[in-house]
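Biologist: I am new to this structure. Please show me how to read it, one feature at a time.

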Amino acid sequence: MPTPRIEINIKKIAHNAKTLNRLYGSKGIDVIGVTKAVCGNPHVAAALVKNGISILADSRIANIRRMRNEGIQAEFLLLRTPLLSQAEAVVKYADISLNSELSVIKKLSKFALMNNTKHKIILMVELGDLREGVMPQNLDDSVKQILAMKGVELIGIGTNLACFGGIKPDEEKMVYLSLITKNIEEKFGITLKIISGGNSANYNWFLSITDVGRINNLRLGESIYLGCESLHRKPIPGLYTDAFTFVAEVIESKTKPSLPYGKISQNAFGEIPEFKDYGKIKRTILGVGLQDVLVSGLTPRKDFEIIGASSDHIIIDTSRLELSIGNELEFDLNYGALLSAMTSPYVLKKIEVNLWMPKSIAKALNRNTANI
Ligand SMILES: *Cc1c(COP(=O)(O)O)cnc(C)c1O
């Protein structure tokens, strides 16, 4: 089997999706399945839908188009605030989008009207993480203007925390979002259907409270794929944390010094590297590097250590392992490593076939899976 590859265990992902859907559903919260970490992979998308998730969200139109073309039956939501230049494609491929700019919403409305459809909008509210969102004091004005646009329907509001600024989605923030919801509804005499409180980082908040207020939706990626929450990266009980496996192959393995020798200057990345002297070690090279995966996000599943990496090599210390050239070694991936491996055209995506898979999906499987 070719390497490097990422092995995707669909059954484990399906189990995680079902378990999270039940857990959050127990307090009235719906789960949107976020597919950006898997590039809208149709096998994964089909597993999410099969396990009770009816809205799939991705940050890229290309991924949404891919899922649609593969026949995935879901509503599609565009996560990243649409590019103005992309408004037409957004209306064509996404049913819903998260938005924070009126000029963009106006353009979405225009293209929706031209196509005799209505595009659904979730307005993002800034609550302190300082990525996307309208400042709370400007919300009334935004809502007023959106309601006057004929091609869009304001179906909800949302917020995104713990992404850029590392701000916790705690009770204070969630209560505030509920309050904002109530104020908008009263002021404009409308009902907001979706109050989307955040992402995989909302797990601890969810466990700590009994009353979720008006929050009735979360957009989950990492906890479905890696089985952990994303504030402390602690495993969530009952979920698989090893649904993805990164596999690399040994191309050299020799006993060598641990300290480079000769006169030191810059390495391939313009840095002057520093090393400690551990005496002689078994240095093994894997035929995979930074062009394939974010190496700092890999964790070995066996007893060896990563010494470093360059664009096409990872160097590891395997003094405690017996290895031959051609052997495969496995790694766990964090979210960054998962994203990078799924987007690298050099990494084969190996998917476990499921019997329930629709025909169109099974057909896709037979295509070159290295093509993302
Ligand atoms: C990526 C993303 C998510 C999903 O985040 P996870 O931490 O993977 O659950 C949710 N909302 C938005 C806006 C995102 O960009």
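**A loop residue, then the domains**

Modeller: Start with Asn116, which sits in the loop between helix H5 (102–114) and strand E6 (119–124). Helices (H or I, at least four residues) and strands (E, at least two) are DSSP runs, numbered from the N terminus. Asn116 is not a glycine, yet its phi is positive, about 55°.

Biologist: What kind of model is this, and how are residues numbered?

Modeller: This is a predicted model: local features need pLDDT of at least 70, side-chain atom pairs count only at pLDDT 80 or more, and totals for chains, interfaces and linings use all residues. Residues are numbered from 1 along each chain as its sequence is written, and side-chain values use heavy atoms, with hydrogens and water left out.

Biologist: Which peptide bond is cis?

Modeller: The one from Thr3 to Pro4, with omega near -5°. Pro4 lies in the segment before strand E1 (5–8).

Biologist: How many helices and strands does the protein have?

Modeller: Eleven helices and 16 strands.

Biologist: How do I read the radius of gyration?

Modeller: The radius of gyration is taken over C-alpha atoms, and the globule rule is 2.2 Å times the number of residues to the power 0.38. For 372 residues, a compact globule would come out near 21 Å; the protein has 23 Å, which agrees. Along the principal axes, the C-alpha atoms fill a box of roughly 75 × 45 × 40 Å.

Biologist: Where are the domains?

Modeller: Domain bounds come from an automatic or database domain assignment. Here that gives domain 1 (9–226) and domain 2 (244–352). Their C-alpha centres lie 37 Å apart. The contact (heavy atoms within 4.5 Å) takes 14 residues from domain 1 and ten residues from domain 2.

Biologist: How is the size of an interface given?

Modeller: Often as the accessible area lost when the parts come together. Buried area uses a 1.4 Å probe and is summed over both parts. Between domain 1 and domain 2 it is about 1100 Å², with carbon and sulfur atoms giving 70%. In domain 1, Ala37, Cys39 and Leu226 lose the most area to domain 2, together 38% of what that side buries.

Biologist: Which helices supply the side of domain 1 that touches domain 2?

Modeller: Helix H1 (10–25) and helix H9 (222–226) each supply at least two residues.

Technical notes:
Buried area is the accessible area (1.4 Å probe) that two parts lose on being put together, summed over both.
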